[in-house]
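Let's take a walk through this structure together. Have a look at it first, and then we will go through its parts step by step.

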Amino acid sequence: MRKRSGMPRTAALLILAFALACSSVSAGPASAASAPDPSAASVLLLYDSLALSTPREGNVEALERLFAAYGVPVEAMPIDRYAEGSLKSYRRVAVVRNVSDLSVAGSALASDLASYDGAYLQIGGLELPGRAQTKLGVELQAAPLDSVRLEAGDYSQTLSSVEALDYIADASAEAKRYGTLTFMSDGKRSPYAVSAGDCAYAGYLSAGSLTELALAYVLEDWLHADGEFGTYMLIKEIYPFSDLELLKTLADRLYESGVPFVASVKPVFYNTDYPAMQRYLQALQYVQARNGSIVVDAPAVAATSTGGDGSLHGKMNGFIELLAANGIAPLGMGASLFWTYDKVYASQGMSFFDSVFLTPNANGQHVWTPDASKAFAFSPYVMPFAQLQDFERHGTAPRTPLPLNLALSFDLFPDKAAMEEAVDTISRSWIPFADLKSGTHNVLTDRLTVQSSGGSLLIDGKPLDIGKRERAVDENYAYTAAAKTSFARLFGIQNQILMVIIGSSLAVFGLFLFIGYRRYKRKFLYPGGRHDSV
Amino acid sequence: MSRSETSGTGTNAAIWKRLFIAATRYASPSFLAAAAVLAISTAALFVKPYIGMADNGDYFRILYSNGIYFNAPDYAEQYFGYFVKHYGIFQYFNENGATLSSSQSLFIRIALQLNIWLLNAHTFDIRVQAAIYLLLYTVAVYMLIEALTWRTSAKRGYIIAAVAVFIFGDTAYTAYFNSFYSEALMLIMSLFTLASGLLIYRGRFNDYAMLAVFVASSLLLVTSKQQNAPLGILIALFGIWVLLARSGRRYRLSAAGGLTLLLVVSIASYALIPQEFVNINKYHAMTRGVLPDSSDPEKSLESMGIDGQYSLLSGTIYYEPYTTIDVNSNKMLTEFYGKFGFGKVLAYYVAHPDQAGRMLNLAAKNAFTTRPEAMGNFEKSEGHAYGAQTHFFSLYSTLKKLLTPKTFGFLFLWTIIVVGLYMPSFVSAVRTKNRRQAVRLPLLLMMILMGLAGIAISIVGAGDADLAKHEFMFTIAFDLVTFITISDALLGRLWRNVPLHPGTAPAAATAA
């Protein structure tokens with residue numbers, strides 16, 4: 001269990017409230033306007049290996065999510081599937097080198113890169129295309145196995161036993177440097193990444209580490225993303241089967257702590273008139289009234305159902321409209337990254353939203369496709385809050401501005417104790433969380449529009465009263481329709497009469513059988529009477 | 001009528017009589033029935049247009065672990081709609097572990113080896129498997145008809161043979177041979193089990209050989225599908241009458257050993273059902289069984305210790321493409337599947353007889369459907385509509401589906417009538433201590449209970465999900481028992497036992 005802060009809670013709340021008030025200007029909520037144009041040409045992401053079962057596993061996916069956070073569509077493919085000449089169709093190319101002994105020298109990609117004049121980003125590797133090498137003026141070296149301390153923004157983290165790290169030994173004076181790597185064995189320091197013009201290089205990326213945030217600073221410049229970015233609190237794994245009272249208590253506690261939050265709620269497609277659904281909707285109304293914003297989580301999908309059955313659009317549309325009809329304004333969606341690559345999921349399930357929280361894929365959920373991912377105007381980079389706690393914060397106020405919209409996530413807590421501990425940790429983190437509904441978000445269904453702007457929620461242009469009283473749950477709900485009956489009383493009497501007749505007949509029949517059997521025995525078996533009985 | 005005409009008619013009759021006598025000498029009713037079933041099924045399965053069953057998505061479980069894979073590029077489009085006869089054979093190490101253990105694998109492996117030796121090492125033709133099944137089926141039909149018509153009037157024997165062809169030659173049954181469904185094996189082994197039991201009852205063929213067939217076919221039947229595992233207990237229980245049919249230490253020890261083995265295998269195959277299947281069935285038992293018809297699903301759930309909020313899953317199936325919750329998630333494992341077993345579901349139905357009655361009636365609606373409507377019979381290349389089914393030699397299954405009263409009350413009455421008809425001969429055999437003659441009713445009762453157990457297992461185990469296919473055991477049992485009842489009625493043996501040896505009187509005349 002984490003140690004509780006010694007500061008009195010009321011004092012902490014006052015300071016937090018003050019910090020939030022200040023942050024309304026400095027860390028104001030970002031909206032669609034702050035990211036690059038989502039219709040911009042996609043980035044071609046090439047990688048030599050997915051580095052499965054190594055510490056770098058998941059770094060390609062992390063990079064895809066980083067690009068998604070900037071609203072940039074991605075076309076990802078392994079280097080060995082690269083088709084000669086296709087590079088010229090892209091304005092931006094990113095290459096991930098995870099394996100040192102896989103050289104691309106002499107390959108079609110190497111020759112195409114030699115003449116490529118678009119934006120270029122490379123992560124890892126010691127070979128750079130000529131143009132990037134000239135611009136960056138870097139000298140790259142491979143470091144032996146060592147622990148490295150990374151500093152980026154206000155945070156630092158020690159990455160233990162990093163293998164095959166390619167670091168920047170030197171770079172041209174004009175190149176911009178990002179973050180610092182300090183080797184623990186000899187104290188040697190080098191920049192984490194460098195960029196010059198439209199070329200950039202970073203030595204290392206691993207999922208779940210500070211390198212994600214460090215690389216985001218590089219991408220902010222490389223993609224020319226400007227604007228203010230915010231940090232959001234995202235609560236995931238909210239089911240109608242969750243402890244809804246705990247959810248309400250959480251909403252109360254965060255409200256009292258002045259922390260606006262986003263609740264990613266699971267959709268329900270069947271039995272939406274049941275009392276259980278009414279309770280779920282009531283809880284979501286309550287959450288919304290406690291300064292929570294609602295986003296619709298993606299439904300669970302069967303791994304084999306990529307083709308779908310054509311019902312996804314109708315189901316999602318129905319659920320959004322159901323929420324709206326109950327005074328709940330969903331502002332976006334939560335989904336795993338692979339949804340953006342799957343044509344059916346992206347077109348039928350995500351087309352309602354311009355704001356999506358993308359989470360990492362679960363094991364085996366990767367979608368292989370030559371097509372570009374779907375990008376969204378607003379798509380914060382989702383990072384578990386526990387991951388942020390692994391970082392050491394060394395800066396003091398004012399905070400270094402974040403390079404991207406960041407959503408710190410929690411799964412809904414299993415019990416009240418875990419919730420209280422988490423809320424306490426959130427309060428003590430002093431992170432100025434942004435309110436999602438302060439930004440502009442649009443949800444468009446077949447029949448209605450849900451919007452947020454400047455802290456207001458609008459359904460079909462009409463302001464939503466989030467303090468509206470909850471509708472009572474009908475505990476006497478009739479689950480099964482009573483069958484229509486005619487002359488019920490008459491048939492009831494008839495049944496009873498028939499039962500009496502049948503019962504009497506059986507009794508008489510039994511009696512006759514008994515008498516008949518005795519007569520039969522007397523006549524045929526023992527014609528002269530039973531002598532043995534005497 | 002002139003004399004010459006009369007004389008001509010008489011000559012014709014004499015010729016027909018001679019022909020009939022000659023036919024009876026060379027082709028017994030059992031031989032003729034088996035030959036006719038073989039010929040009809042050959043025409044259906046091996047002559048264009050080939051008849052088979054479309055994949056409903058279950059094939060992969062049994063195919064991949066046996067070294068066969070889907071090689072048709074458009075295979076996914078043919079699910080439910082079209083029968084596919086060619087499959088690929090793995091040419092490299094097969095890393096697919098068995099997702100289920102079924103005796104069906106044995107037959108697939110034999111067919112695969114024959115296919116590799118005789119036809120092709122790269123492509124598996126499902127008709128090789130169909131040929132194996134059909135040969136076994138022909139033998140089973142022969143044994144069944146032989147058990148009924150041995151030493152009976154030739155005329156009546158041929159009528160019984162014709163009825164047998166009408167029922168067991170139906171393509172609703174034989175189409176399963178061109179499929180990877182375990183129903184094909186269930187059909188064949190049910191016939192073998194009953195036929196071998198009846199042959200012991202008739203004293204036809206060697207008792208040890210028939211006992212071996214009885215035990216082996218029961219084992220293959222019980223292990224053909226997880227759902228059949230409890231049936232082994234029923235067979236072992238009623239098999240005691242087969243054990244008692246003959247005195248002699250060696251026979252009884254052999255029978256006792258066989259029945260014990262059957263019991264152990266039955267329990268083991270139930271215990272070894274993979275957890276994934278258990279969860280699928282549990283899901284359906286609740287969402288397609290208990291919840292949809294409950295007047296208060298929340299209360300029903302809470303009575304089993306599950307959060308009432310899960311009532312939202314009512315009516316859904318495990319394979320929904322888009323769901324509120326991942327059906328395999330830890331939350332479901334701990335809060336849903338982990339809270340109840342099939343015993344609790346059974347106890348629930350016992351405590352709610354009205355709901356159980358409605359479920360049984362629902363089950364009865366599907367109990368007379370031999371061929372599930374969802375699956376097509378033709379190859380895509382034949383140009384038939386998606387999901388089209390054959391009408392070739394399927395009059396019996398069609399009539400059965402159309403004409404039988406589809407209520408559980410009918411099933412109950414049918415059971416009472418059959419048991420009532422055979423009870424006098426059974427009581428008589430027991431009274432006269434003629435144990436061989438007492439085997440018939442327990443065998444028929446065993447089949448009836450196996451069929452009814454199939455229905456009960458379907459409802460308790462998986463609600464109304466895929467009922468038509470889950471009730472196949474009842475379909476077989478109904479047809480076999482009804483057929484034997486009709487045959488015995490034709491032969492006038494319903495409440496009389498048959499003589500053990502030619503020329504002797506019936507063991508005992510009962511009640512009449």
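Chain A holds 12 helices and 24 strands; helices (H or I, at least four residues) and strands (E, at least two) are DSSP runs, numbered from the N terminus. What you see is a predicted model, where local features need pLDDT of at least 70 and side-chain atom pairs count only at pLDDT 80 or more, while totals for chains, interfaces and linings use all residues. Residues are numbered from 1 along each chain as its sequence is written, and chains are lettered from A and ligands numbered from 1 in the order in which they are written.

Of the 534 residues in chain A, 42% are buried, that is, 20 or more other C-beta atoms, placed from the backbone, lie within 10 Å of their own.

Now turn to where the chains meet. Here 24 residues of chain A are in contact with 23 residues of chain B (C-beta atoms, placed from the backbone, within 7 Å). On chain A, helix 7 (275–289), strand 15 (300–301) and helix 8 (312–325) each give two or more residues to this side. Strand 15 of chain A is joined by 2 bridges to strand 4 (residues 322–323) of chain B, and the two run antiparallel; strands pair if DSSP finds at least two bridges between them. In this pairing, A300(A) stands opposite T323(B).

Finally, look inside chain B. The axes of helix 9 (residues 207–222) and helix 11 (residues 249–271) of chain B come within 10 Å and cross at roughly 5°; axes are lines fitted to C-alpha atoms, for helices over the stretch in contact, with angles from 0 to 180 degrees between N-to-C directions. Helix 9 and helix 11 of chain B are therefore roughly parallel (angles under 35 degrees).

Terms used:
Contact = placed C-beta atoms within 7 Å. Parallel < 35°, antiparallel > 145°, perpendicular 65-115°, else oblique. Buried ≥ 20, exposed ≤ 12 C-beta atoms within 10 Å, placed from the backbone.
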